[in-house]
Structure formats: structure tokens, C-alpha cells
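Here is a short briefing to read alongside your structure. Keep the viewer open and follow the topics one by one.

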Number of protein chains: 2
Amino acid sequence: VHLRLALLGCGNVGRAFVALAAEKEGELRDHYGLTLGFTGGLTRSAGGWLASTSITAGELAASGWPVARQAVPAVDCRAAELFEGEAVAFATACPADVLLELTSLEPLSGEPATSHVRTALAAGRHVVTANKGPIAHAYRELRALADRRGVALRFESTVMDGAPIFNLAEFSLPATRVVGFRGVLNSTSNYVLAAMATGQSLEAAVAGAQALGIAEANPAYDLEGWDAAVKATVLANVLMDADLRPADVSRTNLGADAMRAAQASLHTGRALKQVVEARRSPEGTVEAAVRLQTLPAADRLAQLAGMETALTLHTDTMGDLTLVEGEGGPGQTAFGLLADTVSIVRQLTAGGPFGER
Amino acid sequence: VHLRLALLGCGNVGRAFVALAAEKEGELRDHYGLTLGFTGGLTRSAGGWLASTSITAGELAASGWPVARQAVPAVDCRAAELFEGEAVAFATACPADVLLELTSLEPLSGEPATSHVRTALAAGRHVVTANKGPIAHAYRELRALADRRGVALRFESTVMDGAPIFNLAEFSLPATRVVGFRGVLNSTSNYVLAAMATGQSLEAAVAGAQALGIAEANPAYDLEGWDAAVKATVLANVLMDADLRPADVSRTNLGADAMRAAQASLHTGRALKQVVEARRSPEGTVEAAVRLQTLPAADRLAQLAGMETALTLHTDTMGDLTLVEGEGGPGQTAFGLLADTVSIVRQLTAGGPFGER
């Protein structure tokens, strides 16, 4: 199978994906009969291009696009032409089997990424997104659209980078009901809380996280629990068949002041963590919450080092099953995109319906 | 798809599997188009039976076999006849698509389970085994035989009950090299060490584990590291393409005397664990070891409660990925058998080759 990919957004994650696809070219061909090629790209800084013939991952990586900010990848003997339209037009026009949605997240609206995904699915393309917005804000609609068009909608990289959560649930936990979950999903707040526990000020800890490239210029989105709330929404909607929006997730005892106050009154041997929890209520609805919690040392989450994340699924078949990701980053997120791409090929080869759970 | 199953061995795990298959009947039919039926069973205490028409899981559970020790399940209107041969003859004769190998383990030889599995595969049956012996002692031979016969050989329940390790690696970690692993895989030794840490004697702790049903009458197999060595062999051979046998796994500082001595000299805040580790050496061979280790509190393994187990995979794509199983037991092991059965159906439906990795 040859899959033509188009990149909508190409920052750290996109470039890590191109590098990984180049590195794993032989294994993908030998084990899955899969070759990947790139037929389009669009970024805000470098502009867009389309190619009628696939550019290999190695060629794209070597071309310097988009870092060199040339309009079109410098690849010999291959027709790549300038694309000057908007992202939605790109999602329609790109001659690709799979659109990779890698633009930045607007947590409160999920746009414009949701429009990109909707457009690509409607055009009959598979979509792999690392962007949480579309799944947090429009999962049911997009899932139904993908099913109607007979294409795949995959999003492993939306929670805990590319750690296999959704692929695990879909392929390795058959006939299993997820009745709740609990985890630490935001690495910036975890890094900051761990640094504060060693005596650093919140400001110094945030600066440290920014220097490592894990925190945004404005860390409020992480520290006030919005990132975790968006992830909780994705998990609840996909794994527990809920229909939440990020604003439905209870967020209490969060933000810089709460973190400083909790750290000041923390007892030795305990740890502060920004904890995500979800449960099905007796009425059958799913309730999710993000809170700053003081945990005893024996709690598995208490022990997570600065950049680690963890998720415990409460299930009816396996009891509690916990997945812990060591240090994450763009390389791990890129792996989730690759895993999703391979899942598409496996389903294509099987001739099975997409979106089946 | 209808799959006919035969049970070779039917202790706690087999009965939990029958109960789970009955409980999940509707979900298996609705989500996977799968119905399961039982066409044979053989245990040492209750003897054997064969049925030309499938007995449902609910009927088999209701029949009381094998606990009631009747020779043939008491199911109305269904022809089940006595089978009086040996286990190898049963593996040949049972009119089943899938043989479930659930006999007891002989860790040093892997027999007679390996013969059962070999016979069933040679007869063109898929095999799902919860028995570590065949995979630890004959994985390459049995894998090649299964591939030649175009049937499946699955063994999720051999390590950490049914926690999805092998299914995770096969379906959700594509193009990933496992370069090593580290874990706590033996729950009896973990329970005993945790109880000793609270001041109990080793003898009292072992008695407690036996009362809970997690330790055998002779706990030496667990405490001296053989159970962990067999599991390390399975993991190394399957995930790292090694060709080890349990006797190749280094076992040091193990057993009752070593545990007492280590506990006596343990410093506050540290924990004793029976740790399994494997690495690829610079020469390319895989080296595996089981040892009693003193771990600092910050080590993820230090924190495992009595009956928990954990495995960290060191990978080239995702870095370190850790799976933690909460309290395990026959129900979790039964789930692994069900997951393996569903994987067989998925591959059957896909028409893809079995054994492909």
C-alpha cells in the first residue's frame, strides 16, 4: 500500500514525524507493505505546496522545508507547486489519502482545526490529528462523518503524546468497559510542581519549563487546568462514550495562587499533583474533574518525575491498568502519528469498516 | 464468525474464562461478529468430553463441569460424549478451531504443554495458551509451525495475567524496537517482601500469600526466581527476538535466606523487590537477569503494592513505556485469553497471514 500524506502544520511534531518516517522506511515496507509519500504541506510561516507525485520522507527532510522557509521543498525532478490558499482549501485540494492535522490548538473553540478535519473527511480523506481540539469539541459529529465516508479518524497523539492509549483500547482491550480514569496528563504543571517541591519559586519553575521547551510563553493554559480538561474531554468522549466539552470539566483549586498556597502548607512525604479524574455517575452521565491534589507518597501518581505522565484506566475486565510515559516530546508525538498511519493501513488491508469499535 | 473452543485444563482460569465468555456474549457478537462455543474439555480430575455441536459458555458454566466432577457437562439435548484418551490425543481429536492450553506449568521442561501445543498446531488448530512453558522453551519452533500451518499462536496471559503486553507490542507499537525491559513480574515474591517490610516473618508472609491463593504450596519456584525467569524468557524471545531458555536467565541473590538477610539490613525509605531486567549486549545477544534489589523510594517499582506487577519497555520510538497491573488474578488471566481469541477473529476476518509481526 502506498499512502500519500499532506501536512497541515509542520512545527516540531511535523518535522519529527518526517524524520521518523524516513528512519523507519525499511521497517514499514518490510513489515506492513507500506510506503509513505508526501504530496502537500502548509504552514503559516513557510506557506504551502502541493505535489502530484509523492516526495519521500527522506527527500522532504533533506529539502529543508519548512525551516528554510522556501515556499516549495527543493526536491529535484519532482513537480511541487506553490499553494496560496487557506487551510480549509488545502484540506480540500491536497492530492493526499491522509491529512495530518498538526496546527496549534485553540482550546476553547477547537477551531480552526475542527473545520480542517471536517473538510478533509468530507473530501474522503483519512485524518490523523495530533490536535486535541476537534476530538474534544466535535468527536461525535466527526466520527459519524468519517463512518459515513468510510474513512479513518485517528488521534493517538492527542493525549500523553503518542503513548498507545486509544490504540490499546481499540485493539487490545476487546469487550472492555472503561468505567473511569485517573491520571496526571499535563507535563508543564507536573514539572513546575516538582520544581516547587525542591524549593524553587513558581516563576523560576515556569522559566525552567519554558527553557526546556515544554511550557508555552503563557503558562496559564497549563497551570489553570485547561490542557488537562481538554484531554479529559477527549478521553471521556472516546473511551466512555460521553459527550462532554472542555468547559464541562470541573476545574478547582488550580492556577498560580492555589499552587503557591498548597506548596506552602504541604507536609513532608506528600506530593502535589494536578490530577484528572472521571467517573460514570449513578445516573449514567460521565463527570470529569481537574484539581490540584495533595497525594500520599504511596499514590502511584505522587512519584511521577517532572516530565512524566500517567493514566490509570478503571475497567470491568482488567481492573486497574496504568500506562506511564517516560519523558515525552515531539518524537513521541510523532510516533503516535506513525502508529495511527499504520492502523489505517491495517484496516485498509483488512477491507474492514473504519471507525468500528 | 463462530469459533469452537476446546479446554485443555480447566482450573480457576478456565472457569473464569467460561464465565467471562458468557458475560460478554452480547458484546462479542455485536462488536466483533463473534460467537463462541465449547466442543471439548479435559482435566485431570474430571476427565474429558467431546461434543460435535457447540455448547455455549452459559450452558457450560451452568452445567457444573468440571467442578462437579461429572464426566460430561450436563447439557440438555446436546451430544457430548466421554473422551478417555491422553492430552495429546485430545489435542488431535477435539473438533475445535482453537485449543486453549491451560494445564499446569513444568518450568524446567515446558512439558507436557509444549507437546499439547505442537500437536494442536500441527492439526491445524489455533492455540491460545496461558501456559508459559511452550513459549519459554519452544517459541521459535512453535511460531514457525503455526506460520506454516496458517494458524495463530497467542499467549497474552503468560506474563502479568492478561495485561496487554504482547497485543500492545503487536498492534500498537508498530516499527518499534524493544531494546530492553525491566519489571516486577512475580506477585508472590512481591507480596512476601511487602509483608516482611511491615515486620512479618517470611514464613508468616508466605502463609498469608497461600491463604490469598497467590502462592503455591511450595513457594520456592516464586521466591527463587524461576517464575520470573520463565517470564523474562518469554518476553525476551517474543519482544526482542532472543532465543533464551529459563536456565539462561541469571538468577542471583534470591530465595528465603537472601530475602531475610536483605530485609534485615534494609534502610528506611528503601524497598526490596525481585526485579527482572533484560538488555541487548554490545555483541547483540540478549542478557536477562532476576535479582533481589534494594530500590530507592523514587523508583517506580519500589512502590508496587503486594499484588501489583509492572513492566517497563525500553523502546527506540517511545522511550520508556510502563504498564502497571493492579491486583491480578484468574479473572485478568481469563481476559487475556478472550483478547487473544478476539485477535484471532480479527485476523481471520482480515484474511491476513497469522504470525505476521
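In this predicted model, helix H6 (residues 132-149) of chain B and helix H11 (residues 226-239) of chain B have axes 9 Å apart and pack at an angle of about 55°. H6(B) and H11(B) are therefore oblique to each other, and their crossing is left-handed. From H6(B), the contact draws on Lys132(B), Ile135(B), Ala136(B) and Tyr139(B). From H11(B), the residues are Asp227(B), Val230(B), Lys231(B), Thr233(B), Val234(B), Asn237(B) and Val238(B). Sorted by class, the residues of this contact between H6(B) and H11(B) are 6 nonpolar, 2 polar and 3 charged.

**Confidence**

- For chain A, the average pLDDT is 93, and 97% of the residues score at least 70.
- For the complex, the predictor gives an ipTM of 0.95 and a pTM of 0.96.
- A reading tip: where pLDDT is low, the predicted coordinates should not be read in detail.

**More helix pairs**

- Two packed helices are described by the angle between their axes and the distance between the axes.
- Helix H1 (residues 12-23) of chain B packs with helix H13 (residues 330-350) of chain B at an angle of about 60°, and their axes are 8 Å apart.
- That angle makes H1(B) oblique to H13(B), and the crossing of H1(B) and H13(B) is right-handed.
- On the H1(B) side of this contact you will find Asn12(B), Val13(B), Ala16(B), Phe17(B) and Leu20(B).
- These meet Pro330(B), Gly331(B), Thr333(B), Ala334(B), Phe335(B), Leu337(B), Leu338(B) and Thr341(B) in H13(B).
- The contact of H1(B) with H13(B) has 9 nonpolar and 4 polar residues, and no charged ones.
- In chain A, helix H5 (residues 113-122) and helix H6 (residues 132-149) pack at an angle of about 5°, with their axes 10 Å apart.
- Angles under 35 degrees count as roughly parallel, and H5(A) and H6(A) are therefore roughly parallel to each other.
- H5(A) contributes Ala113(A), Thr114(A), Val117(A), Arg118(A), Leu121(A) and Ala122(A) to that contact.
- H6(A) brings Gly133(A), Pro134(A), Ala138(A), Glu141(A), Leu142(A), Leu145(A), Ala146(A) and Arg149(A).
- By class, the residues where H5(A) meets H6(A) are 9 nonpolar, 2 polar and 3 charged.

**The 7-strand sheet of chain B**

- Seen in order, the strands of this open sheet of chain B run S4-S3-S2-S1-S5-S6-S7, and the pairing is mixed.
- Strand S4 (80-83) and strand S7 (153-154) of chain B are at the edges, each with a single partner strand, so one side of each has no neighbour in the sheet.
- Strand S6 (residues 126-129) of chain B runs parallel to S7(B), and 2 bridges join them.
- Which residue in S7(B) is the bridge partner of Val127(B)? The partner is Leu153(B).
- Helix H5 (residues 113-122) of chain B lies across strand S1 (2-8), strand S5 (98-101), S6 and S7 of chain B.
- H5(B) runs at about 175° to S5(B).

**The 12-strand sheet with strands from chains A and B**

- Strands of a sheet pair through backbone hydrogen bonds, either parallel or antiparallel.
- This open sheet of 12 strands has mixed pairing and the order S9(A)-S11(A)-S10(A)-S8(A)-S12(A)-S13(A)-S13(B)-S12(B)-S8(B)-S10(B)-S11(B)-S9(B).
- Its edge strands are S9 of chain A and strand S9 (250-252) of chain B, each pairing on one side only.
- From one strand to the next, the twist averages 20°.
- Strand S12 (residues 309-315) of chain A and strand S13 (residues 320-325) of chain A run antiparallel and are joined by 6 bridges.
- Leu313(A) has Leu321(A) as its bridge partner in S13(A).

**Backbone details worth a look**

- The peptide bond from Trp65(A) to Pro66(A) is cis, with omega near -5°.
- You can find Pro66(A) in the loop between helix H3 (57-63) and strand S4 (80-83) of chain A.
- In chain B, the peptide bond from Glu111(B) to Pro112(B) is cis, with omega near 0°.
- Pro112(B) sits in the loop between S5 and H5 of chain B.
- Asp241(A) is a residue other than glycine with a positive phi, near 55°.
- Look for Asp241(A) in the loop between helix H11 (226-239) and strand S9 (250-252) of chain A.

Methods:
Residues numbered from 1 in each chain as written. Chains lettered and ligands numbered in written order. Predicted model: local features only at pLDDT ≥ 70, side-chain atom pairs only at ≥ 80, totals over all residues. Heavy atoms only, no water. Axes fitted to C-alpha atoms, helices over the stretch in contact; angles between N-to-C directions. Helix = DSSP H or I, 4+ residues; strand = E, 2+ residues; numbered from the N terminus. Parallel < 35°, antiparallel > 145°, perpendicular 65-115°, else oblique. Left-handed = near helix turned anticlockwise from the far one by under 90°. Contact = heavy atoms within 4.5 Å. Nonpolar A, V, L, I, M, F, W, Y, C, P; charged D, E, K, R; others polar. pLDDT = per-residue confidence, 0-100. Pairing = 2+ DSSP bridges.
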